[in-house]
Each structure stands twice: as structure tokens, then as C-alpha cells.
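Me: I am new to this structure and would like a close look at one part of it. Could you take me through one of the chains, and then show me how that part sits with its partner?

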Amino acid sequence: MRRIGIYILLLIGLIGFGYPFVWMISASLKPELEIGSLALWSANFSLKNYELVINRIPVFRALLNSTIVSVSVTISVIFFGSMVGFALAKMRFVGKEILFVVILFTMMIPFQITMIPQYILMVWLGLTDTYLGLIAPYAMTALSIVLFRQFFMSIPQALIDAARVDGCSDLRILFKIVWPLSRPVIITVGILTFMTVWNDVLWPIIIIRERSMMTMPQLVALFVTGGEAEGQLGAMLASATLLALPVIIGYSFFQRYFIDSMATTGLKG
Amino acid sequence: MKSVSALISRIRGSEKNGYLFMLPYIIFFCLFIAYPLIFSFVLIFHRWNIVTPMEWIALRNFFRMFQDPLFARAIINTLVFLVLHIPLQIVIALIFAVLLNSAIKFRGLFRSVYFFPVVVSGVVVTILWAQLYNYESGLFNHILTTIGLPAVPWLVDPGFAMPSIAIMATWKNVGLYIVLFLVGLQTIPAYLYEAARIDGASGKDQFLNITLPMLNPTIVVIFILSTIGGFSLFIEPYIMTGGGPMNSTLSAMLYIYNQAFSFNHMGYAAALGFVFALIILSVVMLQRKVLETGDYST
């Protein structure tokens with residue numbers, strides 16, 4: 001009896017968290033008049049809503065923009081994060097401890113403080129409406145540095161010293177010896193960064209005004225709040241589905257990594 | 001003098017590549033962290049609309065803030081959000097984590113579905129829930145009226161709008177805390193429960209005296225992340241309500257955004273950001289002091 005009760009509660013949870021997404025996809029395929037109904041199936045399924053979205057807003061351009069920005073930031077965060085983390089974990093130099101404390105301190109600075117000066121900096125550097133403006137402020141993160149440092153501390157110093165004796169340069173040691181050992185932390189940092197940047201919408205809204213440069217979440221948000229969707233629920237849900245689709249696909253393949261990455265760091269995007 | 005020369009020789013003995021590896025971050029830090037911090041501190045004492053030169057107005061941004069009904073409104077709204085959001089998250093996450101921790105099949109499937117809203121963009125979740133909450137055609141009111149209950153004005157009534165957003169945010173985030181609680185539950189040593197059973201403790205006693213205290217670190221994390229999240233709430237009211245009805249969902253971040261980018265009040269917006277940041281930091285520090293027991297024996 002007890003076990004059945006547990007399964008019933010778990011099933012209610014399953015429906016509660018999963019059903020809305022299934023409903024969203026189904027409703028995005030329905031004609032406007034049927035959207036209010038609970039039923040998932042309709043005899044009148046069509047791609048009309050998607051056609052409307054694609055004709056009204058540059059969806060593919062926005063997907064391309066989002067991909068360029070997210071991939072660039074992820075590569076940069078892994079590259080520079082591991083470099084700084086390596087220096088902090090495995091090199092001896094004066095000022096190391098102070099630098100690490102400063103990096104930890106920067107994690108506590110709320111975006112509410114830096115948002116406006118960062119925007120003004122972008123205006124002065126002429127980076128509004130550019131990819132660089134979307135990428136540069138996120139090119140390095142304190143969290144990635146801390147995670148890389150933590151992981152690199154566990155790599156035996158003897159391994160690095162041996163490579164040095166063999167005449168290996170520090171950069172080669174990092175990329176040829178340390179990186180291949182660091183797959184778990186690279187995956188964690190990669191997933192967290194990619195997801196955060198892909199889903200971020202406030203920074204793009206602040207610095208991108210030109211439609212052709214907008215990221216996908218920004219364009220969809222604008223489509224729904226601005227007049228372009230003309231209050232058509234089906235079209236709004238279709239645009240939301242298009243935005244969610246890459247994450248749904250990525251998540252269905254790598255859900256383990258997603259969950260583990262976020263559980264180990266205890267952070268959400 | 002001696003210490004200075006010792007320092008110099010230690011710098012000489014340092015690995016030069018260490019500095020070289022740090023260099024990109026140091027440049028990044030100066031440009032995107034140190035400079036904005038300093039500039040923000042200058043900005044809060046000025047009136048500025050970006051176009052005309054800055055005008056020094058000393059503390060007047062702050063005087064204005066304390067007479068600004070919308071500033072108070074944003075704080076009250078955030079409190080309303082947190083008062084609902086935090087307990088809901090803890091209770092729901094705890095229930096599902098305990099259920100998932102019992103000997104069941106398909107644990108991985110349940111866990112990954114519960115977690116899914118966490119990874120999806122807030123824009124998607126907000127658009128989806130705006131439909132569910134719709135007064136006339138939304139799914140929730142459809143269900144309520146079908147079973148004979150009155151329709152709820154989820155987003156159109158000032159008393160309901162912020163709680164509605166808090167429920168949605170709970171739905172989106174709770175999966176993360178289910179997983180964190182689950183990790184916490186699995187680290188509780190089994191002998192604690194065995195000892196309690198021998199001493200005749202009931203299931204309820206075990207939960208209150210072993211499980212809850214051992215999960216204290218996760219509960220602290222929920223409090224802190226939710227507080228930061230509450231003050232950073234932006235896209236949800238931006239899409240759903242635009243801050244309305246009657247400013248009942250105007251969040252701290254939305255108010256800063258409006259002041260800065262709708263009205264070009266850069267100085268005032270920076271001052272708002274500064275004060276909100278101070279509030280966040282002090283609330284988080286207070287929570288840590290009050291909640292972090294560090295003593296699991298009681």
C-alpha cells in the first residue's frame with residue numbers, strides 16, 4: 001500500500017513538471033480556437049503557427065546569433081578559466097593568494113551594481129549591437145576559475161614537474177597533459193556556461209537593439225511582448241517551442257551531465 | 001627594508017609564467033569588474049542622462065529614493081515573492097527528495113523530468129505559464145470552472161499577480177533543490193537511523209531530529225539563492241505583466257531597468273542598484289548567521 005502511495009505521488013509530480021511542456025508543443029500545433037482545451041491530440045494539427053513565426057521574425061538568424069555567442073563564450077571560459085585555474089593551483093608566484101581571494105570576492109558582486117556601468121562601457125567602446133558586446137563581459141567567470149583550480153589541485157605535482165624536466169612548456173603541460181585528465185570539470189564548466197549564456201536574456205535586451213543581432217530568447221520575448229504576435233496564442237507558444245527545442249534535444253542526450261553539473265556546483269544559471 | 005628586499009627576491013624567484021597566465025584575467029577584471037564598480041560608485045552621486053554632462057548632486061539620489069513609492073513597492077513585492085517562494089520550495093523539494101530516496105524504480109526518469117524546467121529558458125517558462133494563467137482561456141481556470149470552482153484572476157488582480165509569479169518560479173527552480181536534497185539525503189549515515197530506531201524514535205522524530213538537521217546546508221543554499229533570485233527577478237514580470245497590475249509585480253531589477261533604459265536616469269538607477277545590492281548582501285549574511293547551525297548533534 002505504502003509503495004503504491006509513493007508511486008502515485010511521484011506520478012503526480014511527473015505530470016506536474018512534464019505535462020505543461022507536452023501541452024505547449026501540442027498547443028503550438030493546434031488552431032487558435034482549440035488551444036484552451038486540455039486534450040493533447042487534435043485532428044487539425046498543422047505547422048501554420050510556425051509558418052507565421054518564421055515569416056514575422058528572423059528566427060534562424062537569432063538561432064545562429066545565439067549559437068555563435070554561446071559557443072564563443074563557452075570556449076573562452078574553458079580556455080581562460082583553465083589557464084588561470086592552473087596558475088593558481090600549480091604555479092608559485094607572489095600575490096597568488098591575494099588574487100584568489102579577489103576572484104572569490106567577485107562572485108559576491110550582484111549584477112544590479114555592475115549592469116549600468118557595463119552598459120555605458122559598451123556604449124563607449126562601440127560594442128552595442130555586436131557579438132563582441134554579448135561575449136566579452138562573460139568571457140571569464142570566477143566560478144569556472146574556482147572549479148578548475150579545485151580540480152587541478154588534485155593532480156599530482158610530480159606529473160607536472162616530470163613534464164617540466166622533459167622540457168615541456170607550461171602551455172603544453174596545460175593543454176597536452178592536464179586537459180586530457182580534466183574531462184569531468186571541462187564538461188561541468190562547459191554545460192553550465194553554455195546553458196547560462198543560451199538562456200540569458202537581460203544583457204541582450206540591454207545592449208542589442210537591432211533585430212538582426214538579437215539572440216533567440218530576446219527575439220522571442222520581444223515577439224511576445226511587442227505587438228508582432230498580434231495576441232495569437234498559438235504563434236507565441238510556437239516561438240517558445242522553437243526556443244526550447246535545442247535545450248530539449250541537448251537535455252535528452254546529456255541529462256546526466258546537466259543534473260550532475262548543477263548539483264555539484266549547487267548553482268543555477 | 002629587509003622585508004622589502006625579501007619580497008623583491010621572492011618576486012624574482014616567482015614563476016614568470018604564473019603572471020603571464022593570470023594576465024588575461026587581470027585585464028578582464030580591470031575592464032569588466034573593477035571599472036564598473038568604481039564607475040558605479042561615482043555615478044550614484046550624479047544626475048546623468050548619458051547625453052549631457054554629469055551633474056554632481058551629492059546624496060540627492062538617496063533622498064529621492066526614500067521618498068519614492070515605487071522603490072518601497074519593489075521591496076514589498078520582492079518580500080511577497082520570497083515569503084511564498086522559499087517555504088514552497090523547501091516543502092515541495094523535501095517531499096519529492098524523500099520519495100525519490102525510497103526504494104523505487106525509474107528514479108532516473110522521475111529525477112530528470114522534475115529537473116527539466118531548471119534547464120529551460122525562463123522566457124519559455126514564462127510564455128507557457130502566461131497561457132496557463134490566462135483568465136478567460138487559460139488551462140488552470142478551465143480546470144477550476146470545470147470542477148465547479150470560481151475562476152482565479154491569476155495575473156489580472158494586484159493581490160494575486162506576485163504570488164502567481166512566485167508559484168511559477170517555484171515550479172521552475174524546485175528540481176534543482178530536489179536533486180540537492182537527494183544528494184544530502186544520501187550522505188546521511190544509516191547508523192544514525194538505526195540508533196534512533198533502537199532508542200524507540202518514531203518516523204516523525206527521526207525526520208525532525210536527523211533528516212532535517214542534516215539537510216541544513218541545502219536549506220541555507222535555498223534561502224540564499226532564492227533571495228538573490230527574488231531581487232534579480234526580471235524576465236518573468238517583463239513578459240507576463242510588465243510590472244503590473246498597479247505595479248504589484250514591479251521587481252527590483254525591473255525597476256532599475258525602467259529607470260535606466262526607459263527614462264535614462266542613469267545616476268538614480270545606479271543608486272537603486274547600489275542599495276538593492278546592499279540589501280541582498282545584508283539579508284544573505286543575516287540568513288547565514290541565523291540558519292547555519294553547524295551543530296548537528298541536537
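Reply: From the N terminus on, chain A runs α-α-α-α-α-α-α-α-α-α-α-α-α, which comes to 13 helices and zero strands. Please keep in mind that this is a predicted model. Among the contacts in chain A with a separation of 6 or more, 76% are between residues 24 or more positions apart.

Helix 2 (residues 48-56) packs against helix 13 (residues 233-265) of chain A at an angle of about 75 degrees, and the two axes are 8 Å apart. Angles of 65 to 115 degrees count as roughly perpendicular, so helix 2 of chain A is roughly perpendicular to helix 13 of chain A. From helix 2 of chain A come N49(A), Y50(A), L52(A) and V53(A), and they meet G234(A), A235(A), A238(A), S239(A) and L242(A) of helix 13 of chain A. By class, this contact has six nonpolar, three polar and no charged residues.

D129(A) lies in the loop between helix 5 (111-124) and helix 6 (131-135) of chain A. Its phi is near 60 degrees, a positive value in a residue other than glycine. D129(A) has 15 other C-beta atoms within 10 Å, so it is partly exposed.

Now for the partner. The contact between the chains takes 64 residues from chain A and 71 residues from chain B. On the chain B side, helix 2 (residues 16-43) of chain B gives the largest share, 16 residues. The residues on that side divide into 53 nonpolar, 15 polar and three charged.

The largest nonpolar core has 158 residues, and those touching the most other members are A240(A), I127(B) and I178(B). Helix 8 (residues 158-187) of chain B supplies the largest share of this core, 14 residues. Beyond its neighbours within four places in sequence, I178(B) is in contact with A93(B), F96(B), A97(B) and Y114(B).

I127(B) leads us to helix 6 of chain B, where the buried residues are G122(B), V123(B), V124(B), V125(B), T126(B), I127(B), L128(B), W129(B), A130(B), Q131(B) and Y133(B). Because 11 of the 12 residues of this helix are buried, helix 6 of chain B is largely enclosed by the rest of the structure. Its length also agrees with expectation: at 1.5 Å a residue, the 12 residues of helix 6 (residues 122-133) of chain B should span 16 Å, and the end C-alpha atoms are 16 Å apart.

To finish, look at a loop in chain B. P245(B) is in the loop between helix 12 (235-240) and helix 13 (252-262) of chain B, and the peptide bond from G244(B) to P245(B) is cis, with omega near -10 degrees. M246(B) lies in the loop between helix 12 and helix 13 of chain B, and has a positive phi of about 55 degrees although it is not a glycine. With 12 other C-beta atoms within 10 Å, M246(B) is exposed.

How values were computed:
Residues numbered from 1 in each chain as written. Chains lettered and ligands numbered in written order. Predicted model: local features only at pLDDT ≥ 70, side-chain atom pairs only at ≥ 80, totals over all residues. Core = buried A, V, L, I, M, F, W, Y, C linked by C-beta atoms within 7 Å. Buried ≥ 20, exposed ≤ 12 C-beta atoms within 10 Å, placed from the backbone. Helix = DSSP H or I, 4+ residues; strand = E, 2+ residues; numbered from the N terminus. Contact = placed C-beta atoms within 7 Å. Nonpolar A, V, L, I, M, F, W, Y, C, P; charged D, E, K, R; others polar. Expected span 1.5 Å × (residues − 1). Axes fitted to C-alpha atoms, helices over the stretch in contact; angles between N-to-C directions. Parallel < 35°, antiparallel > 145°, perpendicular 65-115°, else oblique.
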